[in-house]
Amino acid sequence: MVESKQHMRTFLQFAVLCMLATALISCGAVHGGVGATGNPTPSNSNPSPSPSPGGKAAIGHVVLVLEENHSYDEVIGNSAMPYLNGLANQYSLATQYFANAHPSIGNYFMLTTGQLVTLDDSFTGTVSVDNIVRELTNAGKTWKSYAESLPSVGYTGGNTGAYLKRHNPFSFFSDVVNNSTQATHLVPFSQFSADVSSNSLPNFSFVVPNANDDAHNGTLQQADSWLQANIAPVISNSQFQQDGLLIIVFDVGDSFDFENVGGHVPAILV
């Protein structure tokens, strides 16, 4: 699935299709614990307990976490990110995963609509094309977008503080903007830990750190600390252990990385 350098279905689309079909999933086209050079990925931490063995499992809960603006070679093997590299070493790392476009916004829409929609980071319109909210709702599945620094539940307005609307594609969808019930699934990130603790994660969780914690404005070390604090509890959670898939992916490569247009970026699957 990830060996060719073509514009491809994203891991998210694959994972959600598997979830909706309650199919069995295997990640045969990724390397577990192998970096770009073929050497083991260094790790300074024991990131988490391994989920229960058993090989293939039906996917019931997908958690997608988006990081920002760094290419594969900047992240994998970088001692500033011991937690993320520990996950890459312990679980699965896609070594040939490429973003679809520069700048960021097109990749966020590709992940959630299968289309670039726009390449304008200042875009403020409403998006009415088919999207993951529509498909999940039609399939009777639940979803939430957990956005750090979102000012309130259901907020579909513009940038505020460290919250960037263009990193939260759900806030553009007509299915959300024009539906007060669906809009309640746009929630501040503080709700995430509560839902993890109470075993009440939706079938699909879209996790958006703010611009200081996703490596957009802050450092990779800051992003790694955020991941360790907020994602480690998910992997240890009993609900996730039963039927979860976690994907941590960078949206786009750095400003000089235009390989396959969007750049070569890390994608880690647990």
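Which residue in β8 is the bridge partner of valine 65? I looked it up and found isoleucine 248.

**Before going on**

I noted that this is a predicted model, where local features need pLDDT of at least 70, side-chain atom pairs count only at pLDDT 80 or more, and totals for chains, interfaces and linings use all residues. Residues are numbered from 1 along each chain as its sequence is written, and side-chain values use heavy atoms, with hydrogens and water left out.

**Entry 1: strand β8**

I took helices (H or I, at least four residues) and strands (E, at least two) as DSSP runs, numbered from the N terminus. Two strands pair if DSSP finds at least two bridges between them. Strand β3 covers residues 61–67 and pairs with β8 in the parallel sense, over seven bridges. On β9 (residues 267–269) I counted three bridges to β8, and these two strands run antiparallel. There, isoleucine 268 stands opposite isoleucine 248.

Next I checked burial. Buried means under 20% relative accessible area, exposed means over 50%, and partly exposed lies in between (1.4 Å probe, protein chains only). Strand β8 spans residues 244–250, and six of its seven residues are buried, so the rest of the structure largely encloses it.

**Entry 2: helix α8**

Which residues of α8 are buried? In this helix (residues 190–197) I found Phe192, Asp195 and Val196. Down the axis of α8, its buried residues fall within an arc of 100°, so they line one face of the helix. That arc is taken from the directions from the helix axis to the C-beta atoms. Ser190 and Ser197 are exposed, on the face turned away from the buried side.

I then looked for packing partners, with contact meaning heavy atoms within 4.5 Å. The buried residues of α8 pack against β3, β5 (143–147), β6 (186–188), β7 (204–208) and α9 (220–236). After α8 comes asparagine 199, with a positive phi near 55°.

**Entry 3: two threonines**

Is threonine 118 buried or exposed? Threonine 118 is buried, at 13% relative accessible area. I located threonine 118 in the loop between α4 (104–113) and α5. A polar atom of its side chain lies 3.0 Å from the backbone nitrogen of aspartate 120. Leaving aside neighbours within four places in sequence, threonine 118 is in contact with Ile105, Gly106, Phe109 and Phe123.

Threonine 142 sits in the loop between α5 (132–138) and β5. Its relative accessibility is 42%, so I wrote it down as partly exposed. Threonine 142 and histidine 61 are 81 residues apart in sequence and 9.5 Å apart in space, C-alpha to C-alpha.

Notes:
A polar contact is a pair of N or O atoms within 3.5 Å; within protein, one must be able to donate a hydrogen and the other to accept it, and residues adjacent in sequence count only if both atoms are side-chain atoms.
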